[in-house]
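Let's take a walk through a protein together, one step at a time. Keep the picture in view as you read.

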Amino acid sequence: MVATHPLAQRMPVSYSSADNGEYMNDAQLADFRQVLLEWKQSLLDDVGRTVNHMQDEATAFPDPNDRATQEEEFSLELRTRDRERKLLKKISESLAQIESGDYGYCETCGIAIGLPRMRARPTATRCIDCKMLEEVREKRGG
């Protein structure tokens, strides 16, 4: 299963109501950077565990049903790791956006994505309106 991001488990101090209201201030960026780095490390740890598990559990079962079960289990694990590989790329892109000063702003229209959306999905690159529009276009096939 794809790991959930650590931000869902902790609320950074800089998001309190006492915040000065500045969007993506230094404290917020530092919090998001830390969350993204922790999430990335967690995913990388999972990759290592998968490789070890597959090496340790690889057995040539004489029973075709047992072999099929093991192959299906490995296939599911590999698909999960493939999704996580794509997520790792998004996390790296988000970290690069933090460094460039573009983090938290919609890549389509340029407006602030908003803290609630960024907390829910730290790798978000579009505001909710642009994301919904993109999904409508995808459904229509265009």
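Before we start, here is one idea that we will need again and again: a residue is called buried when its relative accessible area is under 20%, exposed when that area is over 50%, and partly exposed in between. Take E93 as a practice case: its relative accessibility is 39%, so E93 counts as partly exposed. Please also keep in mind that this is a predicted model.

Now for the overall plan. The protein has four helices and zero strands, and from the N terminus on its elements run α-α-α-α. Of its 142 residues, 32% count as buried. Among the contacts with a separation of 6 or more, 60% are made by residues 24 or more positions apart.

Let's look along helix α2, which covers residues 64-100. After α2 comes G101, whose phi is positive, near 90°.

Where do nonpolar residues gather? In soluble globular proteins, nonpolar side chains tend to be buried together. Here the largest nonpolar core has 20 residues, and those touching the most other members are M24, F32, L36, I91, I98, Y103 and M118. The elements that give two or more residues to this core are α1 (26-57), α2 and α3 (115-120). To see one member in its setting, find I98: leaving out residues up to four places away in sequence, I98 touches L29, F32, R33, L36 and Y103.

Next come the aromatic rings. A pair of aromatic rings is described by the distance of the centres and the angle of the planes. How many aromatic pairs does the structure hold? There are two aromatic pairs. In one of them, the ring centres of Y23 and Y105 are 5.3 Å apart and the planes stand at 85°, so this pair is edge-to-face. Y23 lies in the segment before α1, while Y105 lies in the loop between α2 and α3, so the pair ties together parts that are 82 residues apart in sequence. Y105 has a relative accessibility of 33%, so it counts as partly exposed.

F32 and Y103 also form an aromatic pair, and this one is tilted, with 5.4 Å from centre to centre and 55° between the planes. Because F32 lies in helix α1 and Y103 in the loop between α2 and α3, the pair ties together parts that are 71 residues apart in sequence. Are these two residues buried or exposed? F32 has a relative accessible area of 0%, so F32 is buried. Y103, at 2%, is buried as well.

Charged side chains come next. A search of the whole structure finds nine salt bridges. One of them joins E99 and R33, with 3.1 Å from N to O. E99 lies in helix α2 and R33 in helix α1, so this pair ties together parts that are 66 residues apart in sequence. E99 is exposed, with a relative accessible area of 58%, whereas R33 is partly exposed at 28%.

Our practice residue E93 has a salt bridge with K89 at 3.8 Å, N to O. E93 and K89 are also four residues apart in helix α2, so they too are separated by about one helical turn. Elsewhere, E107, R126, K131 and E134 are linked in a network of salt bridges.

Which charged residue is buried yet has no salt bridge? Look at E77, whose nearest side chain of opposite charge, R81, is 4.8 Å away. Apart from neighbours within four places in sequence, E77 is in contact with T50, H53 and M54.

Finish your walk at C109, in the loop between α2 and α3. With 42% relative accessibility, C109 counts as partly exposed. Leaving aside neighbours within four places in sequence, C109 is in contact with C127 and C130. The C-alpha atoms of C109 and R126 are 8.1 Å apart, and the two residues are 17 residues apart in sequence.

Technical notes
Residues numbered from 1 in each chain as written. Predicted model: local features only at pLDDT ≥ 70, side-chain atom pairs only at ≥ 80, totals over all residues. Heavy atoms only, no water. Buried < 20%, exposed > 50% of the residue type's maximum accessible area, 1.4 Å probe, protein only. Lys, Arg positive; Asp, Glu negative; His and termini not counted. Salt bridge = Lys/Arg side-chain N within 4 Å of Asp/Glu carboxyl O. Contact = heavy atoms within 4.5 Å. Core = buried A, V, L, I, M, F, W, Y, C linked by side-chain atoms within 4.5 Å. Phe/Tyr/Trp six-rings, centres within 6.5 Å; stacked < 30°, edge-to-face > 60°.
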